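Visitor: I am new to protein structures and would like to learn how to read one. Could we go through it together?

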Amino acid sequence: MRDSRAAARIVDVSDVRFRVGTIKIGVGITLAVCSVGIAYAIATWNHANRSLIVVLLALAWLSAWVIALMDAEKIVRSRWREPFFFLWSALDVAIVGALEAADGGARSPTVLIYVLPLAFAALSYPLPSVVAISLLDVITYVAVSAAADPPGFTYIAFVAASLACAAGLCVAQARNHHAQRAELGRVSRTDPLTEALNRRGFEERLDAALAEAHRERTPLALLLLDLDNFKLVNDTRGHAAGDELLCWVVATVRATLRPVDALGRLGGDEFAVVLPGANRAEALEVAERVERTLAPRVQATIGLAAFPADGSEREELHRHADNDLYGAKHERAIARESAPREVAQPANRADVTAYARAIAKQLGLEGDELSRVLTAAEELEAHLAAAVQQKRIA
């Protein structure tokens with residue numbers, strides 16, 4: 001449950017820009033319709049209620065200007081975004097209903113304006129809002145038309161049915177847009193090979209988790225994970241084997257995490273994990289568990305950063321975890337160098353011919369060329385064995 005809330009708070013920059021653009025479109029259309037409506041009222045000034053119609057259109061025109069002067073991006077990023085948009089459209093429907101009533105009812109050309117709130121809602125509103133605006137639009141038309149000198153049931157029913165069809169089209173289009181945006185969002189945030197989050201998706205998830213940690217004053221940890229000697233897998237066993245190993249790593253690490261945690265592939269053999277609500281000690285336990293779980297197939301080095309001790313922003317945490325990771329790699333390198341060589345070298349000697357054969361296979365060597373490579377590898381093994389023997393005698 002908590003994971004879904006965190007995911008919902010992720011800010012999609014492209015979606016923000018799109019919704020900001022729809023505000024500008026809505027303001028522009030409102031100003032244009034109001035201007036045309038005022039011109040219509042002036043042209044038919046000898047009819048009833050022209051002053052009232054001008055006042056209503058002037059109020060709508062003024063409200064559009066007020067919205068134009070507001071910070072559109074702040075509105076879109078706010079938790080009140082959807083209520084704001086819904087109230088804006090509901091106000092437009094109410095004004096259209098008032099215009100229809102003032103202009104004589106169902107036979108007024110102002111009923112055509114009922115289509116515009118439907119179209120605007122279908123442009124960017126979430127599906128529930130589109131359904132709500134559609135119902136409000138049709139109900140308002142029927143109620144006003146029936147109350148203000150109705151032209152007859154058949155006329156009202158036909159126009160209402162036409163509006164309902166337009167509303168159905170808008171709802172269907174909104175559903176299609178929602179599914180398409182969701183799929184595009186998933187693809188743009190997912191690594192195609194491993195199906196972990198890609199760098200963009202992970203950074204958005206980390207930003208969302210950090211925002212919640214700031215707001216709720218809860219801890220958070222970031223793990224950076226690097227596979228040791230992964231290039232050797234690609235070089236000796238081929239890229240298909242490397243890809244399979246990466247997919248196995250993602251599946252294995254996911255099995256050690258909670259549903260609230262997020263795993264991302266930052267590139268190559270580099271991965272990251274965000275642990276919302278985890279302090280340093282808990283994050284260390286997770287890191288040790290991940291290393292243990294991966295150990296049967298690959299050795300991993302992990303760097304850790306904890307919020308807020310190691311930083312309060314994404315870049316600070318990433319930098320600290322990166323430094324921690326390379327510090328751990330350096331310590332391992334020193335440990336290997338200081339280990340007794342007579343323990344390490346026999347394994348190295350045994351690997352020389354195997355590595356030489358694998359590399360020759362990747363290069364497509366055959367016949368005499370392959371024989372020469374294997375002979376050279378065997379000679380190198382012999383030299384290594386002699387060197388070890390000499391050191392033991394000394």
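Predicted model: local features only at pLDDT ≥ 70, side-chain atom pairs only at ≥ 80, totals over all residues.

Visitor: Which strand pairs with β4, and in which sense?

Guide: Strand β1, residues 220–227, pairs with β4 in the antiparallel sense over 8 bridges. To find one of these bridges, look at Leu223, whose partner in β4 is Leu304.

Visitor: Now helices. How do I read which residues of α8 are buried?

Guide: Here is the general idea: an α-helix has 3.6 residues a turn, so residues three or four places apart point the same way. In α8, the buried residues include Ile156, Val159, Ala160, Leu163, Ala167, Cys170, Val171 and Ala174. Among the elements covering the buried residues of α8 are α6 (115–124) and α7 (127–147).

Visitor: What span should α8 have, and what does the model show?

Guide: At 1.5 Å a residue, its 36 residues should span 52 Å. The end C-alpha atoms are 51 Å apart, which agrees.

Visitor: How do helices α10 and α11 meet?

Guide: Their axes come within 6 Å and cross at roughly 140°, which makes α10 oblique to α11. Phe230, Val233, Asn234 and Arg237 of α10 make the contact with His239, Ala241, Gly242, Leu245 and Leu246 of α11. By class, that contact has 5 nonpolar, 3 polar and 1 charged residues.

Note on methods
Residues numbered from 1 in each chain as written. Heavy atoms only, no water. Pairing = 2+ DSSP bridges. Helix = DSSP H or I, 4+ residues; strand = E, 2+ residues; numbered from the N terminus. Expected span 1.5 Å × (residues − 1). Buried < 20%, exposed > 50% of the residue type's maximum accessible area, 1.4 Å probe, protein only. Contact = heavy atoms within 4.5 Å. Axes fitted to C-alpha atoms, helices over the stretch in contact; angles between N-to-C directions. Parallel < 35°, antiparallel > 145°, perpendicular 65-115°, else oblique. Nonpolar A, V, L, I, M, F, W, Y, C, P; charged D, E, K, R; others polar.
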